[in-house]
Amino acid sequence: MPIFCYKCPDCEWTLEDSRPRADRNLMPMCQACGAHCERDMNAEHGCSRMASSGEVRSVNAGVGIDQIQEANKHYADLDVHFCPKTGDMVARNRGQYLKALARRGLFNRDEIRSPKHFS
Ligand SMILES: [Zn+2]
């Protein structure tokens, strides 16, 4: 799915959201102040390159900054790395991302909906 970027006009809160193209103009609410966000075309320019390359970035599957080196070694055979600034997991494509998730014992909500995986 393509990634769209949104920005709060009041407090500069930002969101990068992966969603169907048809939903791109459904503006999210700012989670900091509750205002309606606007598309952030400048940020999107950077994001869309990422989306078209098929790269998948996950905050939830990320690691702590102090664990990045170890995590990179752990996933060396997969096309996955961890952002040196944020610790987010960055996978070359969705297939690599799912493999990496499976190894961590996490599950993608799209694939597995059983509630026991969320405890
Ligand atoms: Zn705001």
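Buried means 20 or more other C-beta atoms within 10 Å of a residue's own; exposed means 12 or fewer; partly exposed lies in between; C-beta atoms are placed from the backbone. Helices (H or I, at least four residues) and strands (E, at least two) are DSSP runs, numbered from the N terminus.

You are looking at a predicted model: local features need pLDDT of at least 70, side-chain atom pairs count only at pLDDT 80 or more, and totals for chains, interfaces and linings use all residues. Residues are numbered from 1 along each chain as its sequence is written.

**Next stop: the sheet**

Show S4, S6 and S5. In that order they make an open sheet of 3 strands, with antiparallel pairing. Strands pair if DSSP finds at least two bridges between them. Strand S4 (56-58) and S5 are the edge strands; each has a single partner, so one side of each lacks a neighbour in the sheet. On average, neighbouring strands are turned by 20° against each other, direction ignored. Now zoom in on S5 and S6, joined by 3 bridges. Pick Val80: opposite stands Ala91 in S6.

Helix H3 lies across S4, S5 and S6, at about 135° to S6. Axes are lines fitted to C-alpha atoms, for helices over the stretch in contact, and angles run from 0 to 180 degrees between N-to-C directions. Select Tyr97, Ala100 and Leu101, which are buried in H3. Seen down the helix axis, the buried residues fall within an arc of 100°, so they line one face of H3. They pack against S4, S5 and S6. Just after H3, click Gly105, where phi is positive, about 80°.

**Last stop: Pro9**

Move to the loop between strand S1 (3-7) and strand S2 (14-18), where Pro9 is found. Is Pro9 buried or exposed? Pro9 is exposed, with 12 other C-beta atoms within 10 Å. Leaving aside neighbours within four places in sequence, Pro9 is in contact (C-beta atoms, placed from the backbone, within 7 Å) with Ala35 and Glu38. Finally, select Cys37: Pro9 and Cys37 are 28 residues apart in sequence and 6.4 Å apart in space, C-alpha to C-alpha.

Terms used:
Contact = placed C-beta atoms within 7 Å. Arc of directions from axis to C-beta.
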